There are 2 protein chains.
Amino acid sequence: MAKGRLTLVSLGPGGLEHLTPAARSALATAEVVIGYGVYLDLIASLLRPEQRLLPRPLGTEVQRSREALLLAAEGHAVALISSGDIGMYAMAGPLFEQLDALGWSPAEAPEISVVPGVSAVQAAAARLGAPIAHDFCCISLSDRLTSWELIARRVEAAAAADFVVAFYNPRSVERHWQLGRARDLLLVHRSPETPDAVVRAVTRPDEHITLTTLAALDVSKVDMFSLVLVGNSQTRRSDRWLLTPRGYRVAPDAESGSQAHATVGELRSKPQ
Amino acid sequence: MAKGRLTLVSLGPGGLEHLTPAARSALATAEVVIGYGVYLDLIASLLRPEQRLLPRPLGTEVQRSREALLLAAEGHAVALISSGDIGMYAMAGPLFEQLDALGWSPAEAPEISVVPGVSAVQAAAARLGAPIAHDFCCISLSDRLTSWELIARRVEAAAAADFVVAFYNPRSVERHWQLGRARDLLLVHRSPETPDAVVRAVTRPDEHITLTTLAALDVSKVDMFSLVLVGNSQTRRSDRWLLTPRGYRVAPDAESGSQAHATVGELRSKPQ
């Protein structure tokens with residue numbers, strides 16, 4: 001039997017214009033595509049009738065990982081999908097945990113590879129201008145698998161060390177108080193006027209962006225399709241943009257510089 | 001005169017299979033493409049002879065930003081490029097700072113948009129398995145524009161709060177001691193055996209990955225084309241993979257589940 005392979009495929013934030021050729025190719029060559037049903041919907045236009053699709057509900061990440069591994073081990077070409085980047089709060093975690101637990105020999109294990117993608121923090125930042133132009137951290141506010149104590153410790157550390165913070169999984173119906181607490185922890189170290197954005201369904205048809213401040217953040221408007229981005233002490237708002245300076249100096253006498261230029265040919269023929 | 005536009009384009013980590021369709025389209029429709037010469041080389045195969053290319057040296061980010069803004073304000077379609085994600089330690093920062101400094105009215109300003117991309121941390125993580133499956137932060141070790149005191153404070157905070165850490169700009173010829181100091185700061189809170197990876201030129205022909213531990217990290221092997229990824233207290237190495245668990249439990253009796261499946265047609269016809 002031919003050796004199977006499993007590709008972990010990042011779908012990007014939603015809009016297919018952000019799906020990489022590597023991801024598209026991995027989807028095209030898969031016999032079986034497995035993932036959360038909503039994510040399969042995102043890429044339905046790219047799939048062919050003869051491909052086997054395995055939509056799986058939320059909360060079945062462990063079983064889904066095993067299923068993907070076992071199908072690949074049986075000789076199939078399997079694509080396991082997540083939106084955003086599959087390595088960030090997505091299926092790469094449980095998949096490699098299950099692989100570790102199975103303890104397969106090299107001969108038993110299928111070929112495994114991971115295709116990275118654009119995550120929500122980057123897609124949100126792109127809409128906002130330059131909010132993550134300096135050091136930032138990603139923190140998930142889901143305490144389903146992580147204690148609130150550890151989450152709070154990370155929020156406090158990020159606040160004290162002046163990181164820009166991207167909150168993933170900021171709020172859901174059952175998880176409604178964590179974002180308010182996180183905001184209060186940030187407010188210990190950061191001004192109430194700190195620019196803050198709620199970016200919902202970024203790059204999807206129902207995208208919605210709210211620019212606000214840390215103190216004015218309306219937690220009740222945030223849901224599980226949102227990412228909350230909080231600036232550091234230097235982040236400022238200018239018109240519709242958010243900007244976290246890196247320290248570059250303004251050079252008012254910089255030249256307009258339409259002078260020096262090269263064609264593709266010239267560029268190819270000389271080292272940079 | 002027609003209104004010009006400026007698109008900030010993320011090129012991804014290097015391999016063109018990770019360049020999104022949005023980025024490709026922005027490059028294809030630009031009259032002028034401006035960026036660091038090495039990055040123009042990365043995409044030379046995508047450019048046409050009639051496009052005007054403006055290769056610019058490192059260290060000219062402020063002038064380059066102004067140049068891009070002024071060319072767009074003159075009515076041109078301009079693409080300003082960075083490798084990785086242009087919002088992360090790249091041109092979006094200086095560009096929006098210059099835009100702010102220019103203080104243009106809405107009528108004067110060109111249309112500006114940003115195309116996100118896959119950053120080095122994600123491309124590196126994909127090669128490694130699942131090292132950033134839990135909270136992580138990105139820290140630049142360049143003290144050209146940020147004080148070492150602030151950088152050290154961030155490293156200490158990340159260490160104490162058990163973040164996975166991705167070091168950007170870890171080392172260059174002039175900036176040779178910072179990575180060693182950062183490692184020592186991490187070692188105050190983290191085991192010498194903490195898994196650690198040096199990922200150089202990820203997705204490019206000369207890609208090279210070294211899996212090591214925090215204590216064994218050979219700083220002298222790291223250069224400006226490398227990203228250094230340090231696991232948290234839970235990160236473990238299994239075979240050739242790095243895994244940072246999120247807390248998912250192993251379910252040894254999970255079914256192999258080749259059962260329930262749907263075709264594209266079925267999937268399209270029912271809500272998830």
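Guide: Counting over all chains, the rule comes to 24 salt bridges, each one a side-chain nitrogen of Lys or Arg within 4 Å of a carboxyl oxygen of Asp or Glu. Keep in mind that this is a predicted model: local features need pLDDT of at least 70, side-chain atom pairs count only at pLDDT 80 or more, and totals for chains, interfaces and linings use all residues. As for bookkeeping, residues are numbered from 1 along each chain as its sequence is written, chains are lettered from A and ligands numbered from 1 in the order in which they are written, and side-chain values use heavy atoms, with hydrogens and water left out.

Across the interface of chain A and chain B the rule finds six salt bridges. One of them pairs A:Arg154 with B:Asp135, with 2.9 Å between the closest N and O atoms. Here A:Arg154 sits in helix H6 (residues 148–160) of chain A, while B:Asp135 is in the loop between strand E6 (129–130) and E7 of chain B; helices (H or I, at least four residues) and strands (E, at least two) are DSSP runs, numbered from the N terminus. Another joins B:Asp100 to A:Arg236, again with the closest N and O atoms 2.9 Å apart.

On the side of chain A that touches chain B, helix H4 (residues 92–102) of chain A gives the most, with nine residues. That side divides into 53 nonpolar, 26 polar and 22 charged residues, where Ala, Val, Leu, Ile, Met, Phe, Trp, Tyr, Cys and Pro count as nonpolar, Asp, Glu, Lys and Arg as charged, and the others, Gly among them, as polar.

In terms of extent, 101 residues of chain A are in contact (heavy atoms within 4.5 Å) with 101 residues of chain B. Between them the chains bury about 8900 Å², 59% of it on carbon and sulfur atoms; that is the accessible area (1.4 Å probe) lost on being put together, summed over both.

Now the symmetry. Chain A can be laid on chain B with an RMSD of 0.0 Å by a turn of 180 degrees and a shift of 0.0 Å along the axis, superposed by least squares on C-alpha atoms of residues with pLDDT of at least 70 in both. That is the relation of a two-fold axis. In chain A, the C-alpha nearest that axis belongs to A:Cys137, 2.0 Å away. A:Cys137 also stands opposite B:Cys137 in E7(B). Strand E7 (residues 136–140) of chain A and strand E7 (residues 136–140) of chain B run antiparallel, joined by three bridges; DSSP must find at least two for strands to pair. Finally, 100% of the interface residues of chain A are also interface residues in chain B, so the copies meet through the same surface.

Notes:
Buried area = accessible area lost by both parts, 1.4 Å probe.
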